Amino acid sequence: MSTRGINFLDQWLSNNLSGIVGADVISVAEAIQKLFADAKAIGINSAEIEEETGSVYETVLDAIVHHDGGVAE
C-alpha cells in the first residue's frame, strides 16, 4: 500500500467508523464504496489503497468488528 493510501485509509476509518451501521455485508460494501469515492475525490485511486491490504473488505470489516467507543483498535 502506498504511504498516501495507507494514511488515507487509516484516517478515513478513524473519521467514519462511527457512522457505519454494522458488520453486515451491505454495510461493509457501502462503506467501501464511500471510502473509494472519498479517496477519488482527493486524487487517490483504489489501487493505492488495495495494493497491500489483500482485501479492503476484510480490512474494513476488521476495523468495524474491533471498533470500540469511537477508536479503531
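## Ground rules

The model is predicted, so local features need pLDDT of at least 70 and side-chain atom pairs count only at pLDDT 80 or more, while totals for chains, interfaces and linings use all residues. Residues are numbered from 1 along each chain as its sequence is written, and side-chain values use heavy atoms, leaving out hydrogens and water.

## Overall fold

The chain has four helices and zero strands (DSSP runs, H or I of at least four residues for helices, E of at least two for strands, numbered from the N terminus). Its radius of gyration is 11 Å, close to the 11 Å from the globule rule for 73 residues, so the chain is as compact as a globular protein of that length (taken over C-alpha atoms; the rule is 2.2 Å times the number of residues to the power 0.38).

Of the 73 residues, 36% are buried (under 20% relative accessible area, with exposed over 50% and partly exposed in between, 1.4 Å probe, protein chains only).

## The core

The largest nonpolar core has 17 residues (buried Ala, Val, Leu, Ile, Met, Phe, Trp, Tyr and Cys joined through side-chain atoms within 4.5 Å). Phe8, Leu13, Leu35, Ile49 and Val60 have the most contacts inside it. H2 gives the largest share, five residues.

## Helix H4

H4 spans residues 56–65, and Val56, Val60, Ala63 and Ile64 are buried there. They sit on the same side of H4, because their arc around the axis is only 100 degrees (using directions from the helix axis to the C-beta atoms). The face turned away carries exposed Glu58 and Val65.

The buried residues of H4 pack against H1, H2 and H3. Leaving aside neighbours within four places in sequence, Val60 is in contact with Leu13, Val28, Ala31 and Ile32 (contact means heavy atoms within 4.5 Å).
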